[in-house]
Amino acid sequence: MDRNSTVDMDTERLTAELDIKDSSSVVIKIRRKLPDFLQSVKLKYVKLGYNYSCNTATLITLVILFPLFIATLIQLTKLHLHNITLIFTTLDTATGLTGLVLLLFLSGVYYAKRPTPVYLIDFACYKPEDDFKMANEAFTKMSEDSGFFNQDTLNFQERIAARSGLGDETYFPKGITARPPQLTMKEARSEAELVMFGALDSLFKKTGVRPEEISILIVNCSLFNPTPSLSSMIVNHYKLRPDIMSFNLGGMGCSAGIISIDLAQQLLKANPNSYAVVLSMENITLNWYSGNERSMLLCNCIFRMGGAAMLLSNKTRDRKRSKYELAHTVRTHKGADDKCYNCVYQREDDKGIVGVSLARELMAVAGDALKTNITTLGPLVLPFSEQLMFFLSLVKRKVFKMKVKPYIPDFKLAFEHFCIHAGGRAVLDEIQKNLNLTERHMEPSRMTLHRFGNTSSSSLWYELSYAEAKGRVLKGDRIWQIAFGSGFKCNSAVWRALKSVPAGCDGNPWADSIHKYPVKIPV
(Lines give C-alpha, C1' and ligand atoms only; values in the text may rest on other atoms or scores of the structure.)
Protein backbone atom coordinates (compact mmCIF):
# COMPACT_ATOMS: atom_id res chain seq x y z
CA MET A 1 0.00 0.00 0.00
CA ASP A 2 1.16 3.53 -0.75
CA ARG A 3 2.83 5.06 2.29
CA ASN A 4 0.74 8.21 1.95
CA SER A 5 -2.50 6.32 2.43
CA THR A 6 -1.38 4.87 5.78
CA VAL A 7 -0.75 8.20 7.48
CA ASP A 8 -2.85 8.80 10.59
CA MET A 9 -5.81 10.92 9.49
CA ASP A 10 -5.49 13.56 12.20
CA THR A 11 -1.78 13.93 11.47
CA GLU A 12 -2.49 14.04 7.76
CA ARG A 13 -4.88 16.94 8.19
CA LEU A 14 -2.14 19.08 9.63
CA THR A 15 0.61 17.93 7.29
CA ALA A 16 -1.62 18.31 4.26
CA GLU A 17 -2.43 21.84 5.17
CA LEU A 18 0.86 22.97 6.50
CA ASP A 19 3.78 20.66 6.05
CA ILE A 20 4.06 19.24 2.57
CA LYS A 21 7.62 18.75 1.37
CA ASP A 22 7.20 17.90 -2.30
CA SER A 23 4.89 16.21 -4.77
CA SER A 24 5.79 12.70 -3.69
CA SER A 25 6.23 12.76 0.06
CA VAL A 26 4.58 14.05 3.20
CA VAL A 27 6.76 15.23 6.06
CA ILE A 28 5.22 13.74 9.19
CA LYS A 29 7.61 15.17 11.77
CA ILE A 30 5.91 18.50 12.24
CA ARG A 31 4.89 21.04 14.82
CA ARG A 32 1.32 19.87 15.37
CA LYS A 33 0.11 23.04 17.04
CA LEU A 34 0.47 26.76 16.96
CA PRO A 35 3.28 27.80 19.28
CA ASP A 36 1.98 28.97 22.65
CA PHE A 37 2.47 32.58 21.67
CA LEU A 38 1.44 33.86 25.10
CA GLN A 39 4.41 32.13 26.74
CA SER A 40 7.00 34.56 25.37
CA VAL A 41 6.27 38.25 24.99
CA LYS A 42 8.61 41.06 23.99
CA LEU A 43 8.38 44.29 25.96
CA LYS A 44 8.82 46.40 22.83
CA TYR A 45 5.43 45.25 21.52
CA VAL A 46 3.74 46.09 24.82
CA LYS A 47 5.31 49.54 24.58
CA LEU A 48 4.09 49.86 21.00
CA GLY A 49 0.53 49.22 22.14
CA TYR A 50 0.73 52.02 24.71
CA ASN A 51 2.23 54.33 22.09
CA TYR A 52 -0.83 53.75 19.90
CA SER A 53 -3.12 54.85 22.72
CA CYS A 54 -1.21 58.09 23.43
CA ASN A 55 -2.44 60.45 20.70
CA THR A 56 -2.05 64.24 20.69
CA ALA A 57 -5.53 64.93 22.03
CA THR A 58 -4.99 62.60 24.98
CA LEU A 59 -1.64 64.21 25.80
CA ILE A 60 -3.13 67.73 25.66
CA THR A 61 -5.91 66.67 28.00
CA LEU A 62 -3.66 64.93 30.51
CA VAL A 63 -0.61 67.20 30.37
CA ILE A 64 -2.16 70.67 29.90
CA LEU A 65 -5.92 70.97 30.38
CA PHE A 66 -6.39 68.72 33.40
CA PRO A 67 -3.36 70.01 35.43
CA LEU A 68 -4.30 73.61 34.56
CA PHE A 69 -7.82 73.09 35.80
CA ILE A 70 -6.66 71.44 39.04
CA ALA A 71 -4.02 74.13 39.71
CA THR A 72 -6.56 76.91 39.16
CA LEU A 73 -9.06 75.19 41.42
CA ILE A 74 -6.54 74.74 44.24
CA GLN A 75 -5.23 78.30 43.93
CA LEU A 76 -8.64 79.92 44.05
CA THR A 77 -10.04 77.74 46.83
CA LYS A 78 -6.87 77.80 48.95
CA LEU A 79 -6.96 74.01 49.13
CA HIS A 80 -10.45 74.01 50.66
CA LEU A 81 -12.93 72.45 48.31
CA HIS A 82 -15.85 74.01 50.15
CA ASN A 83 -14.53 77.39 48.99
CA ILE A 84 -15.10 76.52 45.36
CA THR A 85 -17.57 79.40 45.14
CA LEU A 86 -14.56 81.74 45.30
CA ILE A 87 -13.92 80.90 41.67
CA PHE A 88 -16.91 82.97 40.75
CA THR A 89 -16.41 85.82 43.29
CA THR A 90 -12.68 86.64 43.24
CA LEU A 91 -12.05 86.88 39.51
CA ASP A 92 -12.14 90.30 37.91
CA THR A 93 -13.43 90.75 34.37
CA ALA A 94 -9.99 90.86 32.67
CA THR A 95 -8.76 87.72 34.42
CA GLY A 96 -11.98 85.89 33.63
CA LEU A 97 -11.84 86.82 29.95
CA THR A 98 -8.17 85.82 29.72
CA GLY A 99 -8.90 82.45 31.28
CA LEU A 100 -11.89 81.95 29.02
CA VAL A 101 -9.85 82.73 25.90
CA LEU A 102 -7.10 80.34 27.03
CA LEU A 103 -9.63 77.62 27.74
CA LEU A 104 -11.28 78.10 24.36
CA PHE A 105 -7.91 78.01 22.61
CA LEU A 106 -6.82 74.79 24.30
CA SER A 107 -10.23 73.26 23.67
CA GLY A 108 -9.89 74.18 19.99
CA VAL A 109 -6.48 72.51 19.82
CA TYR A 110 -7.95 69.43 21.47
CA TYR A 111 -10.86 69.35 19.01
CA ALA A 112 -8.52 69.76 16.03
CA LYS A 113 -6.14 67.05 17.20
CA ARG A 114 -8.65 64.51 18.48
CA PRO A 115 -8.94 61.28 16.48
CA THR A 116 -11.37 61.53 13.57
CA PRO A 117 -14.21 59.08 14.14
CA VAL A 118 -14.67 56.56 11.34
CA TYR A 119 -18.09 54.95 11.03
CA LEU A 120 -19.08 51.76 9.26
CA ILE A 121 -22.49 52.67 7.89
CA ASP A 122 -23.12 49.15 6.61
CA PHE A 123 -21.56 46.30 4.67
CA ALA A 124 -22.70 43.66 2.18
CA CYS A 125 -21.41 40.16 1.41
CA TYR A 126 -21.81 38.64 -2.03
CA LYS A 127 -23.94 35.50 -2.17
CA PRO A 128 -23.74 33.66 -5.51
CA GLU A 129 -26.74 32.02 -7.15
CA ASP A 130 -27.51 28.40 -6.27
CA ASP A 131 -26.15 27.06 -9.55
CA PHE A 132 -22.64 27.98 -8.33
CA LYS A 133 -22.94 25.61 -5.34
CA MET A 134 -20.78 22.53 -5.12
CA ALA A 135 -20.88 19.70 -2.60
CA ASN A 136 -17.71 17.94 -1.45
CA GLU A 137 -18.60 14.83 -3.41
CA ALA A 138 -19.12 16.93 -6.54
CA PHE A 139 -15.76 18.63 -5.88
CA THR A 140 -14.05 15.25 -5.92
CA LYS A 141 -15.82 14.28 -9.13
CA MET A 142 -14.93 17.63 -10.74
CA SER A 143 -11.25 17.20 -9.88
CA GLU A 144 -11.31 13.71 -11.36
CA ASP A 145 -13.06 14.81 -14.56
CA SER A 146 -10.67 17.71 -15.12
CA GLY A 147 -7.88 15.32 -16.13
CA PHE A 148 -5.26 17.39 -14.31
CA PHE A 149 -4.52 15.08 -11.38
CA ASN A 150 -3.11 11.59 -10.88
CA GLN A 151 -4.89 9.08 -8.64
CA ASP A 152 -2.72 9.69 -5.58
CA THR A 153 -3.40 13.41 -5.79
CA LEU A 154 -7.14 12.81 -6.21
CA ASN A 155 -7.19 10.60 -3.12
CA PHE A 156 -5.24 13.24 -1.22
CA GLN A 157 -7.69 16.01 -2.18
CA GLU A 158 -10.67 13.85 -1.27
CA ARG A 159 -9.31 13.22 2.22
CA ILE A 160 -8.52 16.88 2.76
CA ALA A 161 -11.96 17.98 1.54
CA ALA A 162 -13.62 15.54 3.91
CA ARG A 163 -11.68 16.90 6.91
CA SER A 164 -11.53 20.57 5.95
CA GLY A 165 -14.63 21.72 7.84
CA LEU A 166 -16.32 22.84 4.59
CA GLY A 167 -19.94 21.89 3.96
CA ASP A 168 -21.82 21.01 0.78
CA GLU A 169 -23.04 24.50 -0.14
CA THR A 170 -19.88 26.44 -0.95
CA TYR A 171 -19.47 28.18 -4.31
CA PHE A 172 -17.17 27.75 -7.32
CA PRO A 173 -16.95 30.03 -10.38
CA LYS A 174 -18.06 28.69 -13.75
CA GLY A 175 -14.56 28.78 -15.22
CA ILE A 176 -13.45 26.00 -12.85
CA THR A 177 -16.60 23.88 -13.02
CA ALA A 178 -16.82 23.97 -16.84
CA ARG A 179 -15.91 20.83 -18.80
CA PRO A 180 -13.18 21.20 -19.79
CA PRO A 181 -12.14 23.89 -17.25
CA GLN A 182 -11.92 27.40 -18.73
CA LEU A 183 -9.07 28.90 -16.69
CA THR A 184 -8.86 32.04 -18.80
CA MET A 185 -8.58 35.77 -18.27
CA LYS A 186 -12.12 36.18 -19.62
CA GLU A 187 -13.58 33.80 -17.03
CA ALA A 188 -11.50 35.38 -14.26
CA ARG A 189 -12.86 38.83 -15.18
CA SER A 190 -16.36 37.38 -15.22
CA GLU A 191 -15.89 36.00 -11.70
CA ALA A 192 -14.51 39.34 -10.49
CA GLU A 193 -17.43 41.27 -11.97
CA LEU A 194 -20.00 38.96 -10.41
CA VAL A 195 -18.44 39.27 -6.96
CA MET A 196 -17.61 42.99 -6.99
CA PHE A 197 -20.77 44.30 -8.63
CA GLY A 198 -22.96 41.89 -6.68
CA ALA A 199 -21.57 43.09 -3.33
CA LEU A 200 -21.57 46.77 -4.33
CA ASP A 201 -25.12 46.70 -5.72
CA SER A 202 -26.29 45.26 -2.41
CA LEU A 203 -24.28 47.85 -0.44
CA PHE A 204 -25.67 50.83 -2.35
CA LYS A 205 -29.19 49.45 -2.00
CA LYS A 206 -28.83 48.96 1.78
CA THR A 207 -27.29 52.37 2.47
CA GLY A 208 -29.04 54.58 -0.08
CA VAL A 209 -25.70 56.18 -0.97
CA ARG A 210 -25.24 56.92 -4.66
CA PRO A 211 -22.01 55.79 -6.39
CA GLU A 212 -21.16 59.37 -7.41
CA GLU A 213 -21.00 60.34 -3.71
CA ILE A 214 -17.99 58.08 -3.09
CA SER A 215 -14.69 59.92 -2.61
CA ILE A 216 -12.40 56.99 -1.79
CA LEU A 217 -12.32 53.49 -3.32
CA ILE A 218 -10.05 50.70 -2.09
CA VAL A 219 -10.04 47.22 -3.62
CA ASN A 220 -7.96 44.32 -2.35
CA CYS A 221 -7.50 41.04 -4.21
CA SER A 222 -4.32 39.10 -3.66
CA LEU A 223 -3.82 36.91 -6.72
CA PHE A 224 -5.78 38.47 -9.59
CA ASN A 225 -4.48 41.85 -10.75
CA PRO A 226 -5.49 42.56 -14.36
CA THR A 227 -5.02 45.71 -16.39
CA PRO A 228 -7.09 47.86 -16.17
CA SER A 229 -7.23 47.19 -12.44
CA LEU A 230 -10.17 45.89 -10.45
CA SER A 231 -10.70 49.35 -8.99
CA SER A 232 -10.83 50.77 -12.53
CA MET A 233 -13.43 48.15 -13.43
CA ILE A 234 -15.60 49.52 -10.60
CA VAL A 235 -14.99 53.13 -11.60
CA ASN A 236 -16.03 52.32 -15.16
CA HIS A 237 -19.08 50.24 -14.21
CA TYR A 238 -20.55 52.77 -11.76
CA LYS A 239 -19.25 55.88 -13.57
CA LEU A 240 -17.59 57.20 -10.44
CA ARG A 241 -16.43 60.80 -10.17
CA PRO A 242 -13.20 61.79 -11.96
CA ASP A 243 -11.46 62.90 -8.75
CA ILE A 244 -12.05 59.57 -7.03
CA MET A 245 -9.10 58.45 -4.88
CA SER A 246 -8.82 54.81 -5.98
CA PHE A 247 -6.40 52.17 -4.73
CA ASN A 248 -5.86 48.57 -5.84
CA LEU A 249 -4.04 46.38 -3.30
CA GLY A 250 -2.60 43.14 -4.67
CA GLY A 251 -0.50 40.27 -3.34
CA MET A 252 -1.22 41.03 0.32
CA GLY A 253 -2.93 37.79 1.28
CA CYS A 254 -5.95 37.00 3.41
CA SER A 255 -5.27 39.80 5.90
CA ALA A 256 -5.51 42.52 3.23
CA GLY A 257 -9.10 43.38 4.15
CA ILE A 258 -8.00 44.93 7.43
CA ILE A 259 -5.13 46.67 5.65
CA SER A 260 -7.75 48.24 3.36
CA ILE A 261 -9.82 49.32 6.38
CA ASP A 262 -6.73 50.88 7.95
CA LEU A 263 -5.89 52.70 4.71
CA ALA A 264 -9.47 53.98 4.46
CA GLN A 265 -9.23 55.22 8.04
CA GLN A 266 -6.05 57.20 7.30
CA LEU A 267 -7.54 58.70 4.13
CA LEU A 268 -10.75 59.67 5.92
CA LYS A 269 -8.71 61.44 8.58
CA ALA A 270 -7.10 63.56 5.86
CA ASN A 271 -10.26 64.17 3.80
CA PRO A 272 -13.19 65.55 5.81
CA ASN A 273 -16.82 64.98 4.87
CA SER A 274 -16.09 61.90 2.73
CA TYR A 275 -17.38 58.42 1.98
CA ALA A 276 -15.01 55.51 1.45
CA VAL A 277 -15.86 52.14 -0.08
CA VAL A 278 -13.70 49.09 0.61
CA LEU A 279 -14.09 45.97 -1.53
CA SER A 280 -12.39 42.77 -0.29
CA MET A 281 -12.32 39.63 -2.42
CA GLU A 282 -10.24 36.84 -3.90
CA ASN A 283 -10.41 35.41 -7.42
CA ILE A 284 -9.82 31.68 -7.82
CA THR A 285 -10.39 31.08 -11.53
CA LEU A 286 -6.83 31.81 -12.66
CA ASN A 287 -5.38 30.49 -9.42
CA TRP A 288 -6.80 26.99 -9.60
CA TYR A 289 -3.73 24.76 -9.28
CA SER A 290 -3.71 22.01 -11.90
CA GLY A 291 -0.54 20.20 -10.84
CA ASN A 292 0.27 17.35 -8.47
CA GLU A 293 2.55 18.97 -5.88
CA ARG A 294 0.80 18.53 -2.57
CA SER A 295 2.13 21.68 -0.94
CA MET A 296 0.10 23.64 -3.50
CA LEU A 297 -3.14 21.65 -3.40
CA LEU A 298 -4.64 23.00 -0.17
CA CYS A 299 -5.89 26.15 -1.88
CA ASN A 300 -7.97 24.01 -4.27
CA CYS A 301 -9.57 22.25 -1.32
CA ILE A 302 -10.61 25.19 0.88
CA PHE A 303 -10.72 28.44 -1.14
CA ARG A 304 -14.11 29.41 -2.51
CA MET A 305 -15.88 32.25 -4.33
CA GLY A 306 -16.88 35.31 -2.28
CA GLY A 307 -16.38 38.99 -1.49
CA ALA A 308 -17.61 41.86 0.67
CA ALA A 309 -18.11 45.62 0.32
CA MET A 310 -18.03 48.14 3.19
CA LEU A 311 -19.15 51.78 3.32
CA LEU A 312 -17.18 54.00 5.72
CA SER A 313 -17.81 57.63 6.60
CA ASN A 314 -16.25 60.42 8.67
CA LYS A 315 -19.41 62.56 8.59
CA THR A 316 -20.76 63.36 12.06
CA ARG A 317 -24.34 63.16 10.83
CA ASP A 318 -23.79 59.54 9.75
CA ARG A 319 -23.16 58.35 13.30
CA LYS A 320 -26.86 57.94 13.99
CA ARG A 321 -27.45 55.54 11.10
CA SER A 322 -24.13 53.69 11.22
CA LYS A 323 -23.82 50.19 12.61
CA TYR A 324 -20.27 50.41 13.96
CA GLU A 325 -17.46 52.78 14.85
CA LEU A 326 -13.85 51.81 14.21
CA ALA A 327 -11.97 51.80 17.51
CA HIS A 328 -8.52 50.41 16.66
CA THR A 329 -6.44 48.84 13.92
CA VAL A 330 -3.17 47.06 14.65
CA ARG A 331 -0.97 45.78 11.83
CA THR A 332 1.93 43.34 12.19
CA HIS A 333 4.32 42.55 9.34
CA LYS A 334 7.02 39.90 9.72
CA GLY A 335 8.33 40.13 6.17
CA ALA A 336 11.81 41.20 7.27
CA ASP A 337 12.41 37.60 8.33
CA ASP A 338 13.16 35.30 5.38
CA LYS A 339 11.38 32.36 6.97
CA CYS A 340 8.21 34.42 7.39
CA TYR A 341 8.50 35.91 3.93
CA ASN A 342 8.81 32.54 2.18
CA CYS A 343 6.27 30.47 4.12
CA VAL A 344 3.39 31.31 1.72
CA TYR A 345 4.90 31.68 -1.73
CA GLN A 346 3.53 31.71 -5.27
CA ARG A 347 5.83 29.82 -7.63
CA GLU A 348 6.04 27.20 -10.38
CA ASP A 349 6.22 23.50 -9.55
CA ASP A 350 8.68 21.16 -11.29
CA LYS A 351 6.29 21.01 -14.28
CA GLY A 352 6.12 24.78 -14.63
CA ILE A 353 2.57 25.01 -13.23
CA VAL A 354 1.97 28.05 -11.00
CA GLY A 355 0.52 27.60 -7.53
CA VAL A 356 0.77 28.88 -3.96
CA SER A 357 3.11 26.77 -1.85
CA LEU A 358 2.73 26.46 1.92
CA ALA A 359 5.94 25.81 3.87
CA ARG A 360 6.15 23.58 6.92
CA GLU A 361 7.14 26.58 9.06
CA LEU A 362 3.73 28.19 8.51
CA MET A 363 2.25 27.31 11.91
CA ALA A 364 5.30 28.61 13.78
CA VAL A 365 5.31 31.80 11.71
CA ALA A 366 1.58 32.34 12.27
CA GLY A 367 2.02 31.86 16.00
CA ASP A 368 4.81 34.43 16.17
CA ALA A 369 2.81 36.99 14.17
CA LEU A 370 -0.28 36.44 16.33
CA LYS A 371 1.79 36.82 19.49
CA THR A 372 3.17 40.15 18.32
CA ASN A 373 -0.21 41.44 17.20
CA ILE A 374 -2.16 40.62 20.35
CA THR A 375 0.67 41.89 22.56
CA THR A 376 0.43 45.25 20.80
CA LEU A 377 -3.38 45.20 20.85
CA GLY A 378 -3.67 44.28 24.54
CA PRO A 379 -2.93 47.72 26.06
CA LEU A 380 -5.55 49.26 23.77
CA VAL A 381 -8.44 46.98 24.66
CA LEU A 382 -7.88 45.00 27.87
CA PRO A 383 -9.37 46.18 31.19
CA PHE A 384 -6.89 47.77 33.56
CA SER A 385 -6.98 44.77 35.92
CA GLU A 386 -5.94 42.41 33.11
CA GLN A 387 -3.20 44.78 31.94
CA LEU A 388 -1.83 45.06 35.47
CA MET A 389 -1.71 41.30 36.03
CA PHE A 390 -0.15 40.74 32.61
CA PHE A 391 2.43 43.50 33.11
CA LEU A 392 3.46 42.28 36.58
CA SER A 393 3.91 38.76 35.24
CA LEU A 394 5.96 40.10 32.34
CA VAL A 395 8.23 42.18 34.58
CA LYS A 396 8.85 39.24 36.92
CA ARG A 397 9.91 37.03 34.03
CA LYS A 398 11.79 39.54 31.83
CA VAL A 399 13.33 41.90 34.38
CA PHE A 400 13.76 39.83 37.54
CA LYS A 401 14.20 36.51 35.67
CA MET A 402 11.75 34.80 38.01
CA LYS A 403 10.40 31.40 37.00
CA VAL A 404 6.72 32.17 37.27
CA LYS A 405 3.86 31.01 35.10
CA PRO A 406 3.02 33.71 32.57
CA TYR A 407 -0.33 35.40 33.07
CA ILE A 408 -2.59 34.89 30.05
CA PRO A 409 -4.91 37.91 29.62
CA ASP A 410 -8.58 37.11 29.23
CA PHE A 411 -9.54 38.70 25.92
CA LYS A 412 -13.14 37.65 26.54
CA LEU A 413 -13.30 40.61 28.93
CA ALA A 414 -12.38 42.96 26.08
CA PHE A 415 -14.70 41.67 23.33
CA GLU A 416 -18.17 40.24 22.96
CA HIS A 417 -17.62 38.92 19.43
CA PHE A 418 -14.63 37.28 17.73
CA CYS A 419 -14.29 37.19 13.94
CA ILE A 420 -11.22 35.05 13.26
CA HIS A 421 -10.27 34.55 9.64
CA ALA A 422 -11.70 31.22 8.50
CA GLY A 423 -8.43 30.12 6.94
CA GLY A 424 -8.57 26.50 8.03
CA ARG A 425 -9.90 24.21 10.68
CA ALA A 426 -6.57 23.42 12.36
CA VAL A 427 -5.65 27.08 12.89
CA LEU A 428 -9.10 27.86 14.34
CA ASP A 429 -8.68 24.96 16.77
CA GLU A 430 -5.35 26.27 18.03
CA ILE A 431 -6.43 29.90 18.33
CA GLN A 432 -9.43 28.77 20.36
CA LYS A 433 -7.14 26.81 22.67
CA ASN A 434 -4.54 29.55 23.10
CA LEU A 435 -7.06 32.31 23.80
CA ASN A 436 -9.34 30.04 25.83
CA LEU A 437 -12.37 30.88 23.71
CA THR A 438 -15.70 29.09 23.97
CA GLU A 439 -17.50 27.29 21.16
CA ARG A 440 -19.95 30.19 21.00
CA HIS A 441 -17.07 32.62 20.42
CA MET A 442 -15.74 30.41 17.61
CA GLU A 443 -19.14 29.73 16.09
CA PRO A 444 -19.13 32.55 13.48
CA SER A 445 -15.72 31.48 12.15
CA ARG A 446 -16.45 27.75 12.07
CA MET A 447 -19.88 28.16 10.51
CA THR A 448 -18.52 30.57 7.88
CA LEU A 449 -15.86 28.02 6.94
CA HIS A 450 -18.60 25.39 6.68
CA ARG A 451 -21.12 27.45 4.69
CA PHE A 452 -18.90 29.60 2.45
CA GLY A 453 -15.40 28.10 2.70
CA ASN A 454 -12.28 30.23 2.86
CA THR A 455 -13.22 33.42 1.00
CA SER A 456 -9.87 35.01 1.89
CA SER A 457 -10.00 38.60 3.16
CA SER A 458 -13.79 38.79 2.98
CA SER A 459 -14.37 35.90 5.40
CA LEU A 460 -14.37 38.28 8.39
CA TRP A 461 -17.48 39.96 7.04
CA TYR A 462 -19.37 36.72 6.49
CA GLU A 463 -18.57 35.99 10.13
CA LEU A 464 -19.91 39.33 11.33
CA SER A 465 -22.98 38.75 9.15
CA TYR A 466 -23.50 35.47 10.99
CA ALA A 467 -23.51 37.22 14.38
CA GLU A 468 -25.96 39.79 13.01
CA ALA A 469 -28.23 37.15 11.51
CA LYS A 470 -28.40 35.45 14.92
CA GLY A 471 -29.40 38.76 16.53
CA ARG A 472 -26.39 38.70 18.85
CA VAL A 473 -24.93 42.14 18.14
CA LEU A 474 -26.14 44.63 20.74
CA LYS A 475 -25.42 48.32 21.19
CA GLY A 476 -22.02 48.83 22.82
CA ASP A 477 -20.69 45.38 21.88
CA ARG A 478 -17.04 45.18 20.86
CA ILE A 479 -16.01 43.10 17.85
CA TRP A 480 -12.48 41.83 17.22
CA GLN A 481 -11.59 40.97 13.64
CA ILE A 482 -8.24 39.23 13.24
CA ALA A 483 -6.72 37.88 10.03
CA PHE A 484 -3.36 36.66 8.81
CA GLY A 485 -1.85 36.13 5.40
CA SER A 486 1.21 35.94 3.20
CA GLY A 487 4.11 38.24 3.83
CA PHE A 488 3.77 37.20 6.70
CA LYS A 489 1.14 39.50 8.21
CA CYS A 490 -1.30 39.46 11.10
CA ASN A 491 -3.78 42.35 11.38
CA SER A 492 -6.54 43.29 13.80
CA ALA A 493 -9.50 45.66 13.68
CA VAL A 494 -11.71 46.50 16.64
CA TRP A 495 -15.25 47.82 16.15
CA ARG A 496 -17.84 49.14 18.60
CA ALA A 497 -21.52 48.59 17.83
CA LEU A 498 -23.43 51.88 17.76
CA LYS A 499 -26.81 50.15 17.84
CA SER A 500 -28.34 46.73 18.22
CA VAL A 501 -28.70 44.85 14.95
CA PRO A 502 -31.96 42.89 14.73
CA ALA A 503 -31.90 39.31 13.48
CA GLY A 504 -32.85 38.63 9.89
CA CYS A 505 -31.73 41.92 8.33
CA ASP A 506 -32.33 42.36 4.60
CA GLY A 507 -29.37 41.56 2.38
CA ASN A 508 -27.70 39.23 4.87
CA PRO A 509 -26.01 36.27 3.08
CA TRP A 510 -27.20 33.96 5.88
CA ALA A 511 -30.86 34.93 5.52
CA ASP A 512 -31.98 31.65 3.91
CA SER A 513 -29.83 29.30 5.98
CA ILE A 514 -29.28 30.78 9.44
CA HIS A 515 -32.02 28.59 10.90
CA LYS A 516 -29.87 25.52 10.10
CA TYR A 517 -26.90 26.77 12.10
CA PRO A 518 -24.88 26.01 14.10
CA VAL A 519 -24.23 22.55 12.68
CA LYS A 520 -21.95 19.88 14.09
CA ILE A 521 -18.68 19.66 12.18
CA PRO A 522 -17.44 16.07 11.69
CA VAL A 523 -14.17 15.40 13.51
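Student: Is Phe-197 buried or exposed, going by its relative accessibility?

Tutor: Buried means under 20% relative accessible area. Phe-197 comes out at 12% in this predicted model, so it counts as buried.

Student: Where does Phe-197 lie, and which residues is it in contact with once its sequence neighbours are set aside?

Tutor: Phe-197 sits in helix 9, which runs over residues 185–207. Beyond four places in sequence, its contacts are Met-233, Ile-234, His-237 and Tyr-238. Take His-237 as an example: 40 residues separate it from Phe-197 in sequence, while the C-alpha to C-alpha gap is 8.3 Å.

Student: Back up a bit. What does the protein contain in helices and strands, and how many of its residues are buried, as a percentage?

Tutor: You're looking at 18 helices and 15 strands. Of the 523 residues, 53% are buried. Sequence separation is worth a look too: among contacts between residues at least 6 apart, 80% join residues at least 24 apart.

Student: Now pockets. What volume does the largest pocket have?

Tutor: The general idea is to roll a probe the size of a water molecule over the atoms, which shows where empty space is left. The largest pocket here has a volume of about 900 Å³. It is lined by 48 residues, and the closest to its centre are Cys-299, Phe-303, Val-344, Val-356 and Leu-358. The lining splits into 27 nonpolar, 18 polar and 3 charged residues.

Student: Which helices and strands each supply at least two residues of that lining?

Tutor: Among them are helix 12 (298–302), strand 11 (344–348), strand 12 (354–358) and helix 14 (362–381).

Student: How many residues of helix 18 are buried?

Tutor: In an α-helix, residues three or four places apart point the same way, because there are 3.6 residues a turn. Helix 18, residues 459–469, is mostly covered, with 11 of its 11 residues buried. Trp-461, Glu-463 and Glu-468 are among the buried ones. After the helix comes Gly-471, with a positive phi near 70°.

Student: Which residue does the side chain of Lys-323 make a polar contact with?

Tutor: Its partner is Glu-468, side chain to side chain, at 3.0 Å. Lys-323 belongs to the loop between strand 9 (306–313) and strand 10 (324–333). Its relative accessibility is 8%, so Lys-323 counts as buried. Its contacts beyond four places in sequence also include Leu-120, Asp-122, Arg-496 and Val-501.

Student: One more loop residue. Where is Ser-274 found, and what does its side chain reach at 2.9 Å?

Tutor: Look in the loop between helix 11 (256–270) and strand 8 (275–282). The Ser-274 side chain reaches the backbone oxygen of Asn-271 at 2.9 Å, and that of Pro-272 at 3.1 Å. With 6% relative accessibility, Ser-274 counts as buried.

Methods. Residues numbered from 1 in each chain as written. Heavy atoms only, no water. Helix = DSSP H or I, 4+ residues; strand = E, 2+ residues; numbered from the N terminus. Buried < 20%, exposed > 50% of the residue type's maximum accessible area, 1.4 Å probe, protein only. Polar contact = N/O pair within 3.5 Å; in protein donor to acceptor, adjacent residues only side chain to side chain. Contact = heavy atoms within 4.5 Å. 1 Å grid on protein atoms, 1.4 Å probe; cavity = no way out; pocket = protein on both sides within 12 Å on 5 of 7 lines; lining within 4 Å. Points joined across faces, edges and corners; volume = space filled by probe spheres on them. Nonpolar A, V, L, I, M, F, W, Y, C, P; charged D, E, K, R; others polar.
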